[in-house]
Amino acid sequence: MKLHDDVHNYYEKIMLDLLIKRGLSAQYSDEIMADFCCTILNQLPARYIRYDVDMAFYLPQHERIQMEQRVNIAIDVSISQVAKKRKSV
């Protein structure tokens, strides 16, 4: 078993989907996007899975919506944190 290939945090997928949806990668460099991802994921609980398809099938819709809301809030917080950091530099 290769842990990094077989197991991952489902919040990573939701985060990446929402970052793309919001078009943030077009606004910020790869370095800043990496900072965003770390900051976002550190605000969220871990939800480890092996297969995305299992989550898509077994996850109730209301829970999926809650997870997306949590990620959107974490993205907003991260944007403000990075903005503050950039102003102080």
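**Notes on the core and the helix packing**

1. Arg64 is found in helix 6; helices here are DSSP runs of H or I with at least four residues, strands are runs of E with at least two, and both are numbered from the N terminus. Arg64 counts as buried because its relative accessibility is 19%, where buried means under 20% relative accessible area, exposed over 50% and partly exposed in between, with a 1.4 Å probe and protein chains only.

2. A word on the source: this is a predicted model, in which local features need pLDDT of at least 70 and side-chain atom pairs count only at pLDDT 80 or more, while totals for chains, interfaces and linings use all residues. Residues are numbered from 1 along each chain as its sequence is written, and side-chain values use heavy atoms, with hydrogens and water left out.

3. Of its 22 residues, Tyr10, Leu19, Phe36, Ile40, Met67, Val71 and Ile75 touch the most other members. At least two residues of this core come from each of helix 2 (10–22), helix 4 (30–42) and helix 6 (61–88), and helix 2 gives the most, with 6 residues.

4. How do helix 2 and helix 4 meet? Their axes, lines fitted to C-alpha atoms over the stretch in contact, come within 11 Å and cross at roughly 135 degrees, with angles running from 0 to 180 degrees between N-to-C directions. The two helices are therefore oblique to each other: under 35 degrees would be roughly parallel, over 145 roughly antiparallel, 65 to 115 roughly perpendicular, and the rest is oblique. Tyr11, Glu12, Met15 and Leu19 of helix 2 make the contact with Met33, Cys37, Ile40 and Leu41 of helix 4.

5. Leu44 is worth a look too, in the loop between helix 4 and strand 2 (48–49). Leu44 is buried, with a relative accessible area of 12%. Beyond four places in sequence, Leu44 touches Tyr11, Arg70, Val71 and Ala74. From Leu44 to Val71 the C-alpha distance is 7.3 Å, although they are 27 residues apart in sequence.

6. For contrast, consider Ile73 in helix 6. Ile73 counts as exposed, at 55% relative accessibility.

Note on methods
A nonpolar core is a set of buried Ala, Val, Leu, Ile, Met, Phe, Trp, Tyr and Cys residues joined through side-chain atoms within 4.5 Å. Contact means heavy atoms within 4.5 Å.
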